[in-house]
Amino acid sequence: MSQKAKKKQLTIAQEKPGAPGVRSLKKNSSPAVHATNKKGTPPHTTPPPPSPPQEPFKEKYRGVPTSPPQVTQSQPSRIVLMDIDPCRFHAYWEICEGDKQKVLSQLDGSSHLSRLTMRVYDVTYIQFDGNNAHSYFDIKLDRDKGNWYIDLWSSHKSVCAEIGVKSAEGNFYLLARSNFIETPRAFQSFSGKERWMKVTGDYKEIAPLPAQPPLEKTSPAHTFLKIPSPGLPSVHHATPTQGETLESEHFLAPQERELRASALRETQIAPLPAQPPLEKTPPAHTFLKIPSPGLPSVHHATSTQGETLESEHFLTPQERELRAFALRETHLPHPHDQLQLHHPFIATRTPRENELAEEKISEDEVKAYYQRLLITGRRQEAKVRTTPVTHLTSRSDTRLKERSGEKVPRVRHTHYGSDIRWEEEAVRRSTKKTPTF
Amino acid sequence: MAKGYLSLILHAHLPFVRHPEHDDFLEEDWLYEAITETYIPLIKVFEGLIRDAIPYRITMSLTPTLISMLQDPLLQSRYIKHIDTLIELAEKELMRNRERPQFLTLATMYHKRFTEARTLFVTHYQKNLITAFKKLQDLGRLEIITCPATHAYLPLIRINPHAVKAQIQIAVDHYREVFGRKPQGIWLPECGYYPGLEEMLKEVGIRYFILDTHGILNADPKPHYGNYAPLYCTNGTAAFGRDHESSKQVWSSLEGYPGDYDYREFYRDIGYDLDFDYIKPYIHKDGIRITTGIKYYRITGKTEYKEPYIPEWAIEKAATHAGNFMFNREKQIEHLCSLMDRPPILVAPYDAELFGHWWFEGPEWINFLIRKIVYDQNTIELTTASDYLERHPVNQVCSPSTASWGYKGYNEVWLNRSNDWIYPLLHSAADKMVELARGYRGVNGVVGRALNQAARELLLAQSSDWAFIMKNSTMVEYAVKRTNDHISRFNKIYDQVKSGYIDKRWLKQIEQMDNIFPQLHFEVFC
């Protein structure tokens, strides 16, 4: 029986439950129907769930259903996203025939040229209103019900998808919008802003505490974004220049984004009053480099033998305390940087990133570095804006190279989810007959 | 005064498998094997420590499904039948091996273990092992934490927040009913966390949960102490991170202790080794060979060649490994102390069934470890997460990252090509359940009963075990059948409630079959 005939019979069967042949059709049908790509090969090789084994039921429990669940009534059109890992998510959808026909009727004569389409939006750090996404890409769909695995170009992205009909003119007619998902961060946070809290038994007391002393080592995020260190006045702020904001904010966690926004606001509205200049710099300050209250403690004096006693002669008791504190702080390394953390999921820094973290590089260089990373790095952010990067990209790249005569080693590709496709491709090519003349 | 803490957490879980419609059901053996090999040996170890007045603190998470099965009269009586069969087999083994002293010693050991397990189960604990765990908690040695009702993998059912909320609320209510107090912490199934989950935990009064290492390390902002101190989520709920080093030493198939050549070989069982006619009465009725629990060989090496198991060597090795584990933790804590201005905490969670079932000497290893920590050193102190929070109520505020302890660290094990078909069904059923709960609020009688049963069916379908089994390609048919069965039953109830006609006879049947959470009220899904 052809697929078409089978589908027709199933439709009749749903309308008339007593129609012949229903059982065999139901048995072969799978709850998850998958989309196919252009070549007609199924994108996901999910085997249909095997029908449950026939167990010898006791008489008492006869009649309890064991057959696969059937959809009892038509559901409204929907699309649901679920994140799988930092760079991958899953989407499944189901289109109500009524909704689809309603849209098609609006298209009149050109309905046969329209395509069912999934539109995926990058809505990272924005309140999506349907029009303000950073970027989007379309995936053509062949089925009214199915699922896709979609790779992203970066981790820690907020994504939303819509399913609809794309007309020949390129207009998109919405059928359903998905939930929002945020893929996890695949690296450590750059933010070193620390907040502390006291919570006692059964949440009886929850008290936010003042920030801990600032970190000895400034994190790369601080260097680049000039976010004020916790508990310290914001001395320098980045001034927003046109075009810069979006790029730089790609790196920010929501909290960092807020911080940055507040820092910028602060600069524009009420710039901090300058520290009152000291009429005469006390020798203690000059010599010991004790951080003046209200200034970031970037440099601290290192204690050398014999020096301490001499220098402390100049100090008031408060200054001595401050100095002792500063010295302690200097000698206490940041635990996180010292721990030997070997874990497969922790992204390690590149030597270049280490240099950045150690502030050896000027701000412009840092910016340029991240820009370069954006354009030529692991994921092509800039490219995404015009050409969507899906899991097919890597293969098509290889094909292009092959067409141009460049030899591409046939290795098992480790990109998420494309292993099977690679193997299939390799088998297909190896079994392809070479034409003889 | 100790320099740092070690928090051992044993996560005890089995999916709800109860089939009154069959006299002998293969998957029910999971529970019986775990009782004989894990739960009773662990209880014996913990009681032995109390008998010897050894102060210790250890955490166990007992899932509501496991508690329900351990308290179920049908499964209790079936366990007695099971252990009686095993004793009979062990007696036959004594006879069979009477000429072979090395195997006779082992047969005697198994016979003793089985008879002892039966005595403890029937006489000592009155067929209910939960009373033993409860007693240990009341004595202040064990901290029992809860787990979502049917061990649902929360990140993948969160599309409907009411489904997540119901899983947590039912678990807490069940815990209170069983243990007479509220749980301090929760074990998130498969350590599956997503940002925002903490709000639901706080609503029910849960103070802490456990995350895998990268859930803490990738938190925002960067955690000051890495995963060696807990974090507070913004609402005050604490998150503890798994210590990778201590996990690897026990879990790793290559470097882990359980792979030592002197330990018992799990895969050489007389259920597979002996003649079919001899073993037939002790395997499945349909002739399917199964593991009996009587295993005579040690791991020996990486080849198929195996030598007889020598219990004395294995016990000696367990003691050595306990000492090695303690030594490594001491060094780890000493190193951390040089970098931290507060005592570090190492959180070491393991599946409870690893100890005894997979790793036969595991309970003895725990026994040695606790005794050594108490008597042989001054660096480590055994603690629980709630004790730590009492002593150190000030912690950093961070937003942990999405994580799980599955392969690759995220959701892939529970959402992939082998099991993705279940999610449209589960999500749709959850939406329908919320619709029913809101539409029929305050309804009692038969409709109320039907709605309660619908809630049970949905909860059972949501269990993460089915997706996990489908991925692992073992017993797949059973996992598929269970998912389909529960969703079908749910849909049938939905249709019947909507149509106004409820088949009472059928409803009674499934109430008896899927009888988990008898006190459950469907309005928990509102």
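Okay, let's start in chain B: helices H3(B) and H4(B) cross with a left-handed sense. Keep in mind that what we're looking at is a predicted model. H3 covers residues 73-96 and H4 covers residues 101-124, and their axes come within 9 Å, crossing at roughly 155°. How are H3(B) and H4(B) oriented relative to each other? Angles over 145 degrees count as roughly antiparallel, so that's what H3(B) and H4(B) are.

Who's doing the touching? On the H3(B) side you'll find, among them, B:Tyr79, B:Ile83, B:Ile87 and B:Leu94, and on the H4(B) side the list includes B:Leu104, B:His111, B:Phe114 and B:Phe121. Sorted by class, this contact has 14 nonpolar, three polar and three charged residues.

Now, the other pair. Helix H17 (residues 464-472) and helix H18 (residues 476-499), both of chain B, have axes that come within 8 Å and cross at roughly 145°. The crossing of H17(B) and H18(B) is left-handed. From H17(B) we get B:Trp466, B:Ile469 and B:Met470, and H18(B) brings B:Val476, B:Ala479, B:Val480, B:Arg482 and B:Thr483. By class, that's six nonpolar, one polar and one charged.

Last stop, the core. The largest nonpolar core has 193 residues, and the ones touching the most other members are A:Ala91, A:Ala161 and B:Ala454. Which helix gives the most to this core? It's H1 of chain B, residues 29-51, with 10 residues.

Let's zoom in on B:Ala454. Skipping neighbours within four places in sequence, B:Ala454 is in contact with B:Met433, B:Leu436, B:Phe490, B:Ile493, B:Tyr494 and B:Phe522.

Notes
Residues numbered from 1 in each chain as written. Chains lettered and ligands numbered in written order. Predicted model: local features only at pLDDT ≥ 70, side-chain atom pairs only at ≥ 80, totals over all residues. Core = buried A, V, L, I, M, F, W, Y, C linked by C-beta atoms within 7 Å. Buried ≥ 20, exposed ≤ 12 C-beta atoms within 10 Å, placed from the backbone. Helix = DSSP H or I, 4+ residues; strand = E, 2+ residues; numbered from the N terminus. Contact = placed C-beta atoms within 7 Å. Axes fitted to C-alpha atoms, helices over the stretch in contact; angles between N-to-C directions. Left-handed = near helix turned anticlockwise from the far one by under 90°. Nonpolar A, V, L, I, M, F, W, Y, C, P; charged D, E, K, R; others polar. Parallel < 35°, antiparallel > 145°, perpendicular 65-115°, else oblique.
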